Amino acid sequence: MADVKTDPIERPEFERPSVGKANTADVARPLSTLEKVANIDPVRKFTVLLTAIVAWELYTRVAKVPPLIFPTFSDTIVALWKGFTEYGLASQIWASVGILLAGYVIGLAIGAALSFIAVSSRFGSDILGTLTSMLNPLPAVALLPLAMIWFGLGAKSLIFVLLHSIVWPVALNTHTGFMSVAEPLRMVGRNYGLRNIRYVVKLLVPAAFPSILAGMKLGWAFAWRTLIAAELVFGAASEGGGLGWFIFASRNEMDIPGAFAGLLTVILIGFFVENVIFRNIEQGTLVRWGMQSS
Amino acid sequence: MSATPASVRAEPVERPEFERTPLDARKIGQIERPLSVVERMWNVQVVRNFAVLLMFVVLWEAYTQIANVKPLLFPSFSDTCIALYKAFADQKLMAKIWFTLQSLLIGYAVGLVAAAVLVSLASIWRVWADILMTATAMFNPLPSIALLPLAMLWFGLGTASLVFILIHAVLWAVALNTFVGFQGVSHTQRMVGQNYGLRGVMFAVKILIPAALATVLSGMKIGWAFAWRTLIGAELIFGATSRGGGLGWHIFENAEQLRTSQVFAGLLMIILIGVIVEYVIFRNIELRTVRRWGMQR
């Protein structure tokens with residue numbers, strides 16, 4: 001087909017009528033104060049939040065929604081205050097967060113150990129690959145009934161399911177991160193004579209840090225969801241503790257504002273971990289090292 | 001290392017000269033040899049993975065048989081297989097799986113559509129972008145299972161509550177990833193699209209989605225993972241508070257009656273479905289799109 005020449009299409013000629021004198025009045029003008037304020041990101045987001053809250057309060061008040069179905073914002077805040085002062089919400093939060101922290105730390109350690117074994121030999125890598133591909137899609141909370149048979153009702157079962165929800169995403173992401181470290185970087189490490197643990201700590205971990213951090217974030221997200229679900233099941237199966245149980249118990253006593261207060265606390269803790277703790281880690285490492293923009 | 005001023009020149013270190021005597025080439029031995037059949041087999045990834053799997057199954061069976069572990073605590077592999085067969089034959093496991101998958105599919109599909117609508121609005125108007133970002137920052141860290149007690153109050157016990165929390169599980173993860181992906185599409189590619197005169201939906205379908213597909217897909221995968229975990233958890237709670245259906249309920253019911261081998265059978269089915277979705281469906285989508293287009297290794 002290459003030697004067939006197509007004739008150029010001839011388009012008819014045409015002439016544009018004069019568009020008149022150019023009007024260059026408002027090419028650039030200083031923004032008004034209001035516009036400048038509206039260009040600040042936090043201001044806009046805060047406004048959205050405020051609007052949502054006002055709409056919530058107005059809707060529940062004007063439409064006279066029964067508080068048993070959907071309480072007003074002010075009721076929720078009052079319930080939150082009461083939760084802290086009367087129902088020991090702070091100790092429930094501590095029960096949840098304490099177990100979460102214990103599970104998270106142990107889970108990270110196991111995940112790190114697994115990926116270290118996997119990176120040191122091909123067979124280890126196969127074992128980890130098979131294990132993670134089998135166990136990663138298994139929701140940790142499905143193991144809870146078994147954990148309750150094995151370890152009884154209590155913190156041990158919770159930590160067991162938390163470990164399951166953290167270890168696999170962390171190990172999987174760390175391992176894929178290690179595997180995709182560029183060959184030149186590896187050679188630099190070998191040139192410096194780094195071996196074994198020093199090779200992993202000084203070269204592989206920083207080079208694969210975006211992937212590791214993603215794994216840690218995913219592990220946190222799964223753990224947080226698993227913990228709340230586990231506490232709900234515990235709450236259903238027996239008397240437990242923790243935030244999930246607080247929500248479940250409030251709802252069972254038809255204290256819906258209390259349940260909303262519990263949800264608000266869950267949102268606040270989750271928001272804090274994702275947008276303060278992890279964001280700061282990102283800023284201090286990935287952004288500073290130029291691996292990720294902003 | 002001490003900081004030396006630029007004007008001071010360090011003398012080069014003189015190393016003594018030396019000469020290597022040539023090695024006897026015969027001592028080196030085999031430099032290259034054809035691999036044996038076993039070695040070649042062992043180099044196939046699938047064979048090794050299968051071997052590892054087989055090893056685990058054998059270890060499991062041997063451990064439970066030799067150590068005489070009580071089947072109430074940890075049933076053997078053969079017991080689990082028999083239980084799986086029985087579950088299909090007697091306990092209507094197929095219907096339970098179908099029940100679970102049905103709610104999952106409905107929730108996932110509606111969640112994806114809702115995410116698409118939100119993201120389109122957010123790409124057109126800045127106010128919607130702000131609303132989307134604020135909402136995802138608030139609701140993404142909220143485990144959707146925590147909404148289940150309220151959903152049961154609003155929608156009653158049944159598929160409606162399940163679908164509601166599934167939508168919540170899928171929507172924010174997908175919307176966040178898609179929007180961030182869209183924002184990361186390079187200006188050059190956008191301008192190419194504008195040059196072609198693409199606008200609105202066509203612009204999104206032909207330029208934004210292909211360019212951001214890696215992020216969109218990872219959002220869809222995370223959304224699936226959250227939905228799957230939420231659904232099983234929800235069915236467990238349903239099982240605890242009232243009669244439900246589905247795989248989670250199968251596990252809960254059998255654990256309550258201490259039929260541990262049935263619990264293992266249920267877990268095996270959950271693993272199987274998860275593996276199929278992640279390693280057959282999503283892997284194939286990735287192979288055909290982002291990997292083929294060279295966006296991902």
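Mentor: What follows is a walk through the cavities, a pocket and some residues of interest. Keep in mind that this is a predicted model.

Start with the method. Rolling a probe the size of a water molecule over the atoms shows where empty space is left. In this structure, 3 cavities reach 30 Å³ or more. Let us take two of them.

The largest cavity has a volume of about 100 Å³. Which residues line the largest cavity? Chain A supplies Pro139(A), Ala140(A), Val141(A), Arg225(A), Thr226(A) and Ala229(A). Chain B supplies Pro143(B), Ser144(B), Ile145(B), Arg229(B), Thr230(B) and Gly233(B). Look for the helices next. Helix H10 (209–237) of chain A and helix H10 (213–241) of chain B each give at least two residues to this lining. Sorted by class, the lining holds 6 nonpolar, 4 polar and 2 charged residues.

Now move to the second largest cavity. Its volume is about 50 Å³. Its lining takes in Leu135(A), Asn136(A), Leu138(A), Ala140(A), His164(A), Ser165(A), Trp168(A), Pro169(A) and Phe222(A). Which helix gives the most to the lining of the second largest cavity? Helix H7 of chain A, residues 155–179, with 4 residues. By class, this lining splits into 6 nonpolar, 3 polar and 1 charged.

Pro169(A) sits in helix H7 of chain A. Is Pro169(A) buried or exposed? Its relative accessible area is 1%, so Pro169(A) is buried. Set aside residues up to four places away in sequence. Pro169(A) then touches Asn136(A), Gly215(A), Leu218(A), Gly219(A) and Phe222(A). Sequence distance and space distance can be set side by side here. Pro169(A) and Ser133(A) are 36 residues apart in sequence, and their C-alpha atoms are 9.9 Å apart.

Next comes Tyr104(A), found in helix H4 of chain A, residues 89–120. Tyr104(A) has 13% relative accessibility, so it counts as buried. Leaving out residues up to four places away, Tyr104(A) touches Ile166(A), Met216(A), Gly219(A), Trp220(A) and Phe278(A). Gly219(A) is a contact of Pro169(A) as well. Follow the chain from Tyr104(A) to Gly215(A) and you cover 111 residues, yet 12 Å separates their C-alpha atoms.

Now for an open space. The second largest pocket contains about 1,100 Å³. In its lining are 30 residues, with Leu131(A), Met134(A), Leu135(A), Trp60(B) and Ile271(B) nearest its centre. On the chain A side, helix H5 (122–135), helix H6 (144–151) and H7 each give two or more residues. Count the classes: 28 nonpolar, 2 polar and no charged residues.

Thr134(B) belongs to helix H5 of chain B, residues 126–139. At 10% relative accessibility, Thr134(B) counts as buried. Beyond its neighbours within four places in sequence, Thr134(B) is in contact with Lys45(A), Val48(A) and Leu49(A).

Now a pair of helices. Two packed helices are described by the angle between their axes and the distance between the axes. Helix H3 (residues 77–89) and helix H4 (residues 93–124) of chain B have axes that come within 6 Å and cross at roughly 80°. H3(B) and H4(B) are therefore roughly perpendicular to each other. Leu84(B), Ala87(B) and Phe88(B) of H3(B) meet Leu93(B), Met94(B) and Ile97(B) of H4(B). That contact has 6 nonpolar, no polar and no charged residues.

Finish with the backbone. Most residues other than glycine have a negative phi, and most peptide bonds are trans. Met254(A) is not a glycine, yet its phi is positive, about 60°. Met254(A) lies in the loop between helix H11 (242–252) and helix H12 (256–287) of chain A. Its relative accessible area is 39%, so Met254(A) is partly exposed. Asn68(B) also has a positive phi, about 50°, without being a glycine. Find Asn68(B) in the loop between helix H2 (45–66) and H3 of chain B. At 62% relative accessibility, Asn68(B) counts as exposed.

Key: Residues are numbered from 1 along each chain as its sequence is written. Chains are lettered from A and ligands numbered from 1 in the order in which they are written. This is a predicted model: local features need pLDDT of at least 70, side-chain atom pairs count only at pLDDT 80 or more; totals for chains, interfaces and linings use all residues. Side-chain values use heavy atoms; hydrogens and water are left out. On a 1 Å grid over the protein atoms alone, a cavity is a set of points where a 1.4 Å probe fits but cannot get out, and a pocket is an open set with protein on both sides within 12 Å along at least five of seven lines; lining residues have an atom within 4 Å of a point. Grid points are joined across faces, edges and corners, and a volume is the space filled by probe spheres set on the points. Ala, Val, Leu, Ile, Met, Phe, Trp, Tyr, Cys and Pro count as nonpolar, Asp, Glu, Lys and Arg as charged, and the others, Gly among them, as polar. Axes are lines fitted to C-alpha atoms, for helices over the stretch in contact, and angles run from 0 to 180 degrees between N-to-C directions. Angles under 35 degrees count as roughly parallel, over 145 as roughly antiparallel, 65 to 115 as roughly perpendicular and the rest as oblique. Contact means heavy atoms within 4.5 Å. Buried means under 20% relative accessible area, exposed over 50%, partly exposed in between (1.4 Å probe, protein chains only).
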